[in-house]
Number of protein chains: 2
Amino acid sequence: MTVVTEQETIPEESPGGLMAAEIAEQPAVLAALLARTGELSEVAAALRRRSPRFVLITARGTSDHAALYAKYLVEIRRGLPVGLVSPSTMTVYGARPDLADVLFVAVSQSGGSPDLAESLAVARGCGATTVAVTNAGESDLARAAEFSVDLRAGTERAVAATKTYTAELLALYLLLSGADPADAAALPDAAAATLDLGTAAYAAAARYRFASRLVTTGRGYSYPTACEGALKLMETSYLSAHAFSTADLLHGPVAMLDSGVPVIAVISTGRGGQAARPVVDKLCETGADVLEVGDAARPGGLVVVSNGIGEELLPVLEILPLQQLAWRLALDRGGDPDQPRGLSKVTKTR
Amino acid sequence: MTVVTEQETIPEESPGGLMAAEIAEQPAVLAALLARTGELSEVAAALRRRSPRFVLITARGTSDHAALYAKYLVEIRRGLPVGLVSPSTMTVYGARPDLADVLFVAVSQSGGSPDLAESLAVARGCGATTVAVTNAGESDLARAAEFSVDLRAGTERAVAATKTYTAELLALYLLLSGADPADAAALPDAAAATLDLGTAAYAAAARYRFASRLVTTGRGYSYPTACEGALKLMETSYLSAHAFSTADLLHGPVAMLDSGVPVIAVISTGRGGQAARPVVDKLCETGADVLEVGDAARPGGLVVVSNGIGEELLPVLEILPLQQLAWRLALDRGGDPDQPRGLSKVTKTR
C-alpha cells in the first residue's frame, strides 16, 4: 500500500512512510470519531451527572499536550478549575488525596504506561470519577477506569504520534467541553484542506535544514499546539525546540531570541491569537526570524484553513502543518521520522 | 560596597556584581524569613481554617517554578489536588469559575504583573481564599489579595532572580506544607555551606563555554529545580536550556540527547532522586554528557550540603550551584548576568 504526499507516492516501507500515512489519515479518523458522537455524548452526560467541582488530567509526552488543551477547554467552557497531575506525587511519594467531587482524566495513546494506570487506580480509590481516553480500549489504563473512550484511530505505527493526538483533542472536546458536537462537523474537511497546503510546510523545512535550536510559541488554546509542535521537531529532527506561552516569552527566554534562534508562532483569529499578536509583532520588529502558523498567519506563514471552526477546535488543525514540517525536516536531514533513535512507542515509566 | 565571591572581591558595579551579591545574600534572607515563622504560621493557620479542597497557584517566569514546587509540596504533604493557573483563561477568555473551597495563591517577586493581579482579583470575586507571596508588600498584587506575605528579601536589582526565588520556596513551605517550621532551621547554614563550594560550579562553567543547548532534568521535588536552573542559563547565557521531568525524558526528548546535547541532572537522596537514578544512569551508559547536581550527586558533580534537611526543602539548596554556574558562564561568555539583553525586571503581561 502506498500513500500520496507532496505530489509523490511514498511506499510505507520507505523512511517516513508510516508517519506520512498517519498524517494523511487524520481527516478520516476525525470523521470516524464524529460519527460516534452519540456514544461519546452518553459518556459526557454521565460525567456531567457526577457534577465534578475540579478536574485533574494526567498524561505524558504528546498526550500531555492534549491534556493541556483540555485544561483550557474545561476552565474556559465549563468554569471548572483544572490541574495537570504530576503522577510521581501518587506513584513515587505515595500521596493519597481526597478526590471526592473530582473528575480524573487520563490520556494515553497506548494505555500502557504503568505509572498512568497506577495513578488512575489510586485516584479512583481516593473517590474520583475516572475516565481514560486511549487508542487501546483493552489496555490496563482503559480497564482501570470507570469510564473509557477508545479513539479507534487504528494502530499508530510511527513512533511520533500524529493521528492519535488530533483524535485525543477531538475526543476531549466531545467529552468535556459541553459544546454541541455539531460545532465540530466541518472539522474533517477543514483538516483535509489544511493538509492539502502541505507544500508550504515542506518548503519551510528547508529554512531549518541546519538549525540546531528553535522556539515555538502560542497563547491560550494555541499554546498546546506550540508545545506539541516543539515535541514533534525534537522527536523527529533532534532539534532543541522549546515551547513558551507567548506571555512567558517576555520573561527571560526572549534573551536568547535575538541571538538568532528562529521562532515558530502559532497565531489564531481567536482571543489567544489576538493577545499574542503584539508580542509576535514585537519579535518581528526586533529582527527575530518568525514563521507564523495558524488561521491568522500572515503571508509567508503556514496557513490553516478553518472553515469557520471556532477557536476552541483550531488546535486540531494548527498542529497539521507542524507535523508536515517535522516529517519533511527529518527526511531532509537524512533521518527516518518513523523510527527516531532512542525512542520506543510505549514508555514504561514507573 | 563589594562582595566576596570566588575568592575575589567583585565591585557591585562590575558586570555580574549585583547577581553575585544577591546570590551571596541568600543564607541571610532565609534566616530572616525563619525569624518570622510566628507571623507566617498565623497566616498558614488562617488559610487552613478555610479548609480548602483544591489549591490553584498562579505565577510567571522564575516564580512559576516556585509555584511548581508548591504543587508537589501541597499534593504530597497536604493531600490536596493542585492546579497551576493559566492566567489567560480568566484574563483573555473571561472565564469565571466557581472557586468556593479553593485556595488561590499568587507568587510574584515584583507583584507588578497586571495579569496576575487581575486573575487574583477575579479569583477572589469567584469565591476563592486568596494569598499573595511577593517581595513588594505594597504592590497591586499584594493589595488585591485577602492575605499577603512580604518576603522582605531586599530589593532584587539583578534581572535574573535568585534570592527572591529561594525566599519564595521557603515562604511557600512555611505557608502551605503544614510542617513544623523547626524542620527548616538548618537551612541558612546549609545554604551557606553549599555556596562555599562555588568553585566547583565555576569550574563546570568552562565545560559549557561553547554549548548552544543543554538539557536539565529532575524528578519530583527536584523537577522545579531543573526548570529554574534552565531558565537561569537561558536568561543569563542565552543557552537553549530545556528542562524535562526525568520521567518525560524517555518519551521523545531523549532522541536529541545522543546527538551531543549535555545534560544537567538534579538528583537528591529523596524519593524523587531515587526514582530518577536509573534514568540518569542509563543516560550515562549511552555516552551522554551528564553533570549531576544535588545531595546525591556522584563525584565530579556539584554537591549540595543538606545538613540533614528533608527532601521537601532540598530545592532551596539545589538551585544554588546552578545560580553560580549561570552567573559564571555568562561572565565567561563576555555577557553581563545583571543586565541580560531584551529583559526587564517587571514584565507587563496583559
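Ala185(B) is exposed, with a relative accessible area of 54%; here buried means under 20% relative accessible area, exposed over 50% and partly exposed in between, with a 1.4 Å probe and protein chains only. This residue belongs to the loop between H8 and H9 of chain B, where helices (H or I, at least four residues) and strands (E, at least two) are DSSP runs numbered from the N terminus. Ala185(B) and Arg36(B) are separated by 149 residues in sequence, and their C-alpha atoms are 12 Å apart in space.

The model is a predicted one, in which local features need pLDDT of at least 70 and side-chain atom pairs count only at pLDDT 80 or more, while totals for chains, interfaces and linings use all residues. Residues are numbered from 1 along each chain as its sequence is written, chains are lettered from A and ligands numbered from 1 in the order in which they are written, and side-chain values use heavy atoms, with hydrogens and water left out.

Contact, here and below, means heavy atoms within 4.5 Å.

In chain A, the axes of helix H2 (residues 26-34) and helix H9 (residues 187-195) come within 8 Å and cross at roughly 175°. Axes are lines fitted to C-alpha atoms, for helices over the stretch in contact, and angles run from 0 to 180 degrees between N-to-C directions. H2(A) is therefore roughly antiparallel to H9(A), given that angles under 35 degrees count as roughly parallel, over 145 as roughly antiparallel, 65 to 115 as roughly perpendicular and the rest as oblique. On the H2(A) side the contact involves Pro27(A), Leu30(A), Ala31(A) and Leu34(A), and on the H9(A) side Leu187(A), Pro188(A), Ala191(A), Ala192(A) and Leu195(A). By class, this contact has 9 nonpolar, no polar and no charged residues, with Ala, Val, Leu, Ile, Met, Phe, Trp, Tyr, Cys and Pro counted as nonpolar, Asp, Glu, Lys and Arg as charged, and the others, Gly among them, as polar.

A further helix pair is formed by H8(A) and helix H14 (residues 314-332) of chain A, which pack at an angle of about 170° with their axes 9 Å apart. H8(A) and H14(A) are therefore roughly antiparallel to each other. Tyr165(A), Thr166(A), Leu169(A) and Leu170(A) of H8(A) meet Pro315(A), Val316(A), Ile319(A), Leu320(A) and Gln323(A) of H14(A). The contact of H8(A) with H14(A) has 7 nonpolar, 2 polar and no charged residues.

The sheets come next. Chain A contains an open sheet of 5 strands in the order S4-S3-S5-S6-S7, with parallel pairing; two strands pair if DSSP finds at least two bridges between them. Strand S4 (82-84) and S7 of chain A stand at the edges, each with a single partner strand, so one side of each has no neighbour in the sheet. From one strand to the next, the twist averages 20°. Strand S3 (residues 54-58) and strand S5 (residues 102-108) of chain A run parallel and are joined by 5 bridges, with Ile57(A) opposite Val105(A) in S5(A). H8(A) packs on this sheet, touching S5, strand S6 (129-134) and S7 of chain A, and its direction makes about 160° with that of S5(A).

An open sheet of 5 strands in chain B has the order S9-S8-S10-S11-S12, with parallel pairing. Its edge strands, S9 (240-245) and S12 of chain B, each pair on one side only. In chain B, 4 bridges join the parallel strands S10 (residues 263-266) and S11 (residues 290-294), and Val263(B) stands opposite Val290(B) in S11(B).

Arg152(A) lies in the loop between strand S7 (147-150) and helix H8 (163-176) of chain A and is exposed at 53% relative accessibility.
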